[in-house]
Each structure stands twice: as structure tokens, then as C-alpha cells.
Amino acid sequence: LQAAIDAAVDGETVVLIRDVELKEILVINKSITLDGNGHKLTSKAGRAINVSGAVAATIKDLTIEASGERAINVIQGASNVTISNVKATAANYAVNVAASAAGSTIEIENSDLTGLNTVNVAAANVNVTIDNSVVNNVDNTAVESYATLKLSIEAENSTITVTNTTINVA
């Protein structure tokens with residue numbers, strides 16, 4: 001899968017034709033669409049997908065199961081990321097917008113996200129929109145608290161706008 005993404009040019013769509021098990025983090029560093037075509041991506045690498053430096057990347061029609069902390073990690077200047085019809089589960093962040101992705105716009109639609117800090121924004125000037133989705137927080141610890149939607153202290157002037165969405169807090 002990584003070879004297909006590396007070979008793609010901006011504007012192309014990479015379509016999964018079967019379920020995929022990752023041993024390393026999948027990196028999307030181009031303005032492409034990853035079309036899961038209804039398939040499942042399982043990551044044994046802890047993190048599943050890093051969207052890194054890409055402008056206008058789309059992830060759609062995909063189930064993502066991360067064995068560790070992040071299903072979709074937006075990093076290193078990535079912006080204008082669309083997540084559509086995605087079911088993402090991670091031990092911590094289903095979607096994380098890291099401090100290195102300042103100025104990003106993230107559109108999440110028709111998706112089902114599950115994690116501890118389910119949607120985390122740790123970058124300044126980021127706008128995250130969640131529409132027609134389900135966001136599940138699975139905080140079942142007694143020691144530390146987590147947030148379904150989290151704006152970190154580094155997230156100055158950032159927003160999370162939620163419409164037509166169900167939020168479930170454990």
C-alpha cells in the first residue's frame with residue numbers, strides 16, 4: 001500500500017482492493033485520496049496513518065484499527081484533510097492534529113471515531129469540523145481523565161465545530 005501511495009501523483013486516488021495489515025505507519029504525504037473501498041486497515045505499528053505535509057488529502061470509506069495510540073495523525077504542515085465514512089479506533093487518538101500541523105482544516109463527516117482523547121487538537125489556528133458522525137470516548141480509567149473532543153493548551157485560536165453528531169462518553 002505504501003508503494004502505491006508513493007507512486008501516486010497529486011490528485012490521484014489509491015483504492016484498496018482488500019483488507020491490509022500494516023507493520024509500519026502508512027504515510028500520506030501527497031494530495032491524494034485513499035479510498036478504502038469498504039476495506040479494513042489494521043496497524044500493528046501503534047499508529048496507523050500519518051498525513052504528513054499533504055495539502056488536500058482525503059481518507060474515505062475505510063475501517064482503521066490502530067494497535068496503539070493514533071489511527072489518523074495529521075502532522076508536519078498537513079492541511080485541508082478530509083475524513084469521510086471512516087470508522088477509526090485507537091487506544092488513544094482516533095484523530096490527532098499535532099502541533100506541527102498549525103493552520104490546518106480538518107473535515108470529518110459520516111464517520112465513527114473511538115478513542116480516549118478521541119479527537120485531539122494540539123496545533124494553533126486549526127479548524128476541525130465534525131458532521132453527521134459518532135464520536136466515542138472510552139475513558140474507563142480511574143487515575144487520569146481524557147476528553148472526547150480536546151483542544152490542548154497549544155491549540156491557540158483553534159476550534160472544533162460539531163453538528164448532527166452523537167457523542168458517547170464512557
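**Close-up 1. Arg47 and its salt-bridge partner.** At 24% relative accessibility, Arg47 counts as partly exposed in this predicted model, because that value falls between the 20% and 50% cut-offs. Arg47 takes part in a network that also includes Glu69 and Arg70, built from salt bridges with shared partners. Its own bridge goes to Glu69, with the closest N and O atoms 3.0 Å apart. The two residues bring distant parts of the chain together: Arg47 belongs to strand 5, Glu69 sits in the loop between strand 6 and strand 7, and 22 residues separate them. Like Arg47, which is partly exposed, Glu69 is partly exposed, with a relative accessible area of 32%.

**Close-up 2. Glu69 also bridges to Arg70.** Move along to Arg70 and you will find another salt bridge to Glu69, here with the closest N and O atoms 3.7 Å apart. Is Arg70 buried or exposed? Arg70 is buried, because its relative accessibility of 14% is under the 20% cut-off.

Close-up 3. How many salt bridges does a search of the whole structure find? The search finds three, and one of them joins the side chains of Glu65 and Lys40, at 3.5 Å from N to O. Glu65 is partly exposed at a relative accessible area of 33%, and Lys40 is partly exposed at 31%.

**Close-up 4. Asn50, Asn73 and Asn96 linked by polar contacts.** Begin with Asn73 in strand 7 (residues 70-75). Its side chain makes a polar contact of 3.2 Å with the side chain of Asn50, and another of 2.7 Å with the side chain of Asn96. Why does Asn73 count as buried? Its relative accessibility is 1%, and buried means under 20%. Asn50, in strand 5 (residues 47-52), is also buried, at 9% relative accessibility.

Close-up 5. Which residues does Asn50 contact, once neighbours within four places in sequence are set aside? They are Ile25, Leu26, Val27, Ile28, Asn73 and Ile75. With residues up to four places away in sequence likewise left out, Asn73 touches Arg47, Ile49, Asn50, Val51 and Asn96.

**Close-up 6. Val97 in the largest nonpolar core.** This core has 44 residues, and those touching the most other members are Ile49, Val51, Ile64, Ile72, Val97 and Val128. Two of these, Ile49 and Val51, are also touched by Asn73. Centre the view on Val97 and, beyond residues up to four places away in sequence, you can pick out its contacts with Val74, Ile106, Asn120, Val121, Ala122, Ala123, Val126 and Val128.

**Close-up 7. A nonpolar patch on the surface.** Which residues form this patch? Val162, Ile167 and Val169 do, with about 230 Å² of accessible area together. Val162 lies in strand 16 (residues 159-163). At 32% relative accessibility, this valine is partly exposed.

Close-up 8. Most residues other than glycine have a negative phi, and that makes the backbone here worth a look. Asp61, although not a glycine, has a positive phi of about 50°. Asp61 belongs to strand 6 and is partly exposed, with a relative accessible area of 25%. Asn125 is not a glycine either, yet has a positive phi of about 60°. Where does Asn125 lie? Look for Asn125 in the loop between strand 12 (119-121) and strand 13 (127-131), where Asn125 is partly exposed at 43% relative accessibility.

Methods: Residues are numbered from 1 along each chain as its sequence is written. This is a predicted model: local features need pLDDT of at least 70, side-chain atom pairs count only at pLDDT 80 or more; totals for chains, interfaces and linings use all residues. Side-chain values use heavy atoms; hydrogens and water are left out. Helices (H or I, at least four residues) and strands (E, at least two) are DSSP runs, numbered from the N terminus. Buried means under 20% relative accessible area, exposed over 50%, partly exposed in between (1.4 Å probe, protein chains only). A polar contact is a pair of N or O atoms within 3.5 Å; within protein, one must be able to donate a hydrogen and the other to accept it, and residues adjacent in sequence count only if both atoms are side-chain atoms. Contact means heavy atoms within 4.5 Å. Patches are made of residues with over 30% relative accessible area and no salt bridge: like charges are joined within 9 Å, nonpolar side chains (Val, Leu, Ile, Met, Phe, Trp, Tyr) within 5 Å. Accessible areas come from the Shrake-Rupley method with a 1.4 Å probe; for residues, only the protein chains shown count as cover. A salt bridge is a side-chain nitrogen of Lys or Arg within 4 Å of a carboxyl oxygen of Asp or Glu. A nonpolar core is a set of buried Ala, Val, Leu, Ile, Met, Phe, Trp, Tyr and Cys residues joined through side-chain atoms within 4.5 Å.
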